[in-house]
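Please read them alongside the coordinates.

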Amino acid sequence: KNLDESLLIEAIRYQDEDLAMPPKEKLPPAVIADFEKWIMMGAPDPRENNAAIEKPNWEKSRDHWSFKEPKQPGVPKVKQNNWARSDVDQFILARLEKQSLKPADQADRRTLIRRLFFDLNGVPPTPKEVEGFVADKDPQAYSKLVDRLLASESFGERWGRHWLDVARYAESSGKEANLAYPHAWRYRDYVIDSFNADKPYNQFIREQLAGDLMPARDDRHRAELMTATGFLALGPKSHNERNRMQFTVDVVDEQIETMSRSMLGLTIACARCHDHKFDPIPQREYYSLAGILYNTETYFGTIAGPGNRRTSRLLNLPIETTDIPGRTLAASERTRLEKTLADSKKARDELVAQARRERRDGSGDIQRTLFRTRVANGRVSDLTEQLSGYTASGQSIPRAMGMRDRGFVRETRLLERGEIAQPGERVPRGFVSIVNPDFKPFFNRRGSGRRQMAEWLVSPGNPLTARVMVNRIWHHLFGQGLVRSMDNFGSTGDTPSHPELLDHLALQFVDQNWSIKKMIRQVVLSRTYQMASDYDSANYQTDPDNRYLWRMSKRRLDAESLRDSMLSVSGLLNWDRPRGSAVAKAGNGQVNRSRNLQARELLTGNDHRSVFLPIIRDLVPPSLDLFDYAEPSLVTGKRDVTTVPSQALYLMNNPYVIRAADSMTRRLFAEAKTGPERVALAFQLAYGRNPTDAELEKTRTFFNRYETGPNDDSPRSRYNKGSAWSSFCQALLCGAEFRYLN
């Protein structure tokens, strides 16, 4: 029932190279997700007495802590009256005292500024920023630094990426065909902008589920609301599915899985084929929720062609809102495209007629003709798509993935065992009753019910939504949540380490207008967050996992921070937001290593921040993939942290890392005049501190092995000196102190 303890899940996720199964190639994400669901069900054997659909006993789970509304607890009394600086500290210290644990000392200022920069902005501070903060005697220096980082554009790029993990953001469909989603980047930018604007989290949820149904101030706001619904449209899809109904129910199931795990921390999708095995969620209520999404059209924008039987349009955004200058279509180019389209339609129609003759007469190679017909049809679709992207005057039309109501309501039937061939009773639209049972929506005959679904999630009676988000915030600041099972608050999930603190923060979150920035500010100003990561043997014996937070846990930088840090210290990082995405420039079609869409370019990326790299399912850039990047087909509230040989090999040999080291060398020579000054600057850039005497001695020894003498200016000597400095910089970038956060 616990995924973290399952040896099978560890093997198929490839968390351990020695245990990875199957050995030759990792299973597709959808298959891994099916195994995870099965483990969460208790791994029943469906061959034995229909075990998989036995009615569960829910009496105990109905009393589960997460299904109860949070109640404001009293701030606890503590013995050590001079330690706590906030209510957060009071709750933490009370639990430490109960466990006879002693809190660590305050972290030094160099550690604090580096910690704050990475946690709030995802990049290291510059040497000037470090030294300025260390020397600043203002008692408010720390809080002023917090406010500056929260106001930075980098904040949204850092914290928006956290949400993209749970939104399973990607720019392709994955699965069998792996079709490109060239317009997915608009949702990415919407998320980043929302975090920078500190959009209230309840509004953020409303927009992603039902933005197209909400009133807009103007065309720009209308485009923003429409783009937000890309949250539901971005998921992996089997576009080559022959049965349209099967495709629809699979898409809706994936949408329910994403919505419920990301916003509620519940595995509602486990009730698709039968009543939930552990949480009190009947199969009937799953289909009540599914009925809302069955009555919604998903716009993902793929064109017909080989590998794609399931196509759709895109949402046209108000043209006045576009700030991405696109290519205009000249009249001569339009004429050429229209002629090519007409010729392509004629060729396709001839192939269709030929296929009919061959099928009727039994002559020719019918399979070859059918394949040629599908290719020709794809060509027609591609040209039609190109022309539809422009107005009559040749201006680009901005488009986005998203959702739109069908305009009429169809009845929903429960599917026995989840099979489309076994429709059962009619089920009215509704929600999961164990969550917010007093919420009574009204559904009309023309609306899907998505607005009501959004209100159900953020209404005051919902006990989960605020708790789940507060827990996500805590996890990203401390390395583990108060509830460690980030995406599962159900009866098989973890219990909170500090339940009263979780409720206290959840209620404050709501009272503060669901402000994510205010919640982060409150936590990072606490003494708990500012503790050092020093080891204490007595504390470790009692609490080796640091569940009660007697110190700040050391954390490895995530994939994006590691890459962005290398670019930052080397001077290569392009801080500007790129316009669009490499996937958008490449266009529609399948994506893999051997076909079109410039797969090599997509893997190599660029020098922008990592959040802007193209993310193709099953083709993630190695700079991210090797360092435990979130699987883009799954809701990922907590990334794996592994240490495998391929990571070290990448840091030692990859041309991208070597290029960063070379650029860092050039920066040292440009900004410092002498060798000792350059060594000091290198340590300040990489680690935020000056080198120790022992490090200086080792550095001198290292350089003496390369250089032939101070007065030797021969080409070989110059080469050796440059190579030595580059190797020195690369060693710093590969060091544990660069890769870990205290």
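1. Leaving aside neighbours within four places in sequence, P236 is in contact with S173, K175, E254, R617 and S633, where contact means heavy atoms within 4.5 Å. P236 sits in the loop between α11 (230-233) and α12 (244-264). Its relative accessibility is 11%, so P236 counts as buried; buried means under 20% relative accessible area, exposed over 50%, and partly exposed in between (1.4 Å probe, protein chains only). The C-alpha atoms of P236 and A170 are 8.5 Å apart, although 66 residues separate the two along the chain.

2. This is a predicted model, in which local features need pLDDT of at least 70 and side-chain atom pairs count only at pLDDT 80 or more, while totals for chains, interfaces and linings use all residues. Residues are numbered from 1 along each chain as its sequence is written, and side-chain values use heavy atoms, with hydrogens and water left out.

3. S173, one of the contacts of P236, is found in the loop between α7 (153-166) and α8. With a relative accessible area of 1%, S173 is buried. Beyond neighbours within four places in sequence, S173 is in contact with N178, L179, Y181, P236, K237, H239 and R617.

4. How do helices α8 and α10 pack, and at what angle? Helix α8 (residues 185-196) and helix α10 (residues 219-228) make an angle of about 110°, and their axes are 9 Å apart. Axes are lines fitted to C-alpha atoms, for helices over the stretch in contact, and angles run from 0 to 180 degrees between N-to-C directions. The two helices, α8 and α10, are therefore roughly perpendicular to each other, a label for angles of 65 to 115 degrees (under 35 is roughly parallel, over 145 roughly antiparallel, the rest oblique).

5. The contact itself brings R186, Y187 and Y190 of α8 against E224, T227 and A228 of α10. Sorted by class, this contact of α8 with α10 has three nonpolar, one polar and two charged residues. Here Ala, Val, Leu, Ile, Met, Phe, Trp, Tyr, Cys and Pro count as nonpolar, Asp, Glu, Lys and Arg as charged, and the others, Gly among them, as polar.

6. M21 and P22 are joined by a cis peptide bond, with omega about -10°; P22 lies in the loop between α1 (7-12) and α2 (29-40).

7. Two residues other than glycine have positive phi. For N513, phi is near 60°; N513 lies in the loop between α18 (499-511) and α19 (516-524) and is partly exposed, with a relative accessible area of 49%. For D628, phi is near 65°; D628 is in the loop between α24 (622-625) and α25 (645-653) and, at 13% relative accessibility, counts as buried.

8. For the chain as a whole, there are 30 helices and eight strands, taken as DSSP runs numbered from the N terminus (helices H or I, at least four residues; strands E, at least two). The C-alpha trace spans about 90 × 70 × 55 Å along its principal axes. Of the 742 residues, 56% are buried. Among contacts with a separation of 6 or more, 69% are between residues 24 or more positions apart.
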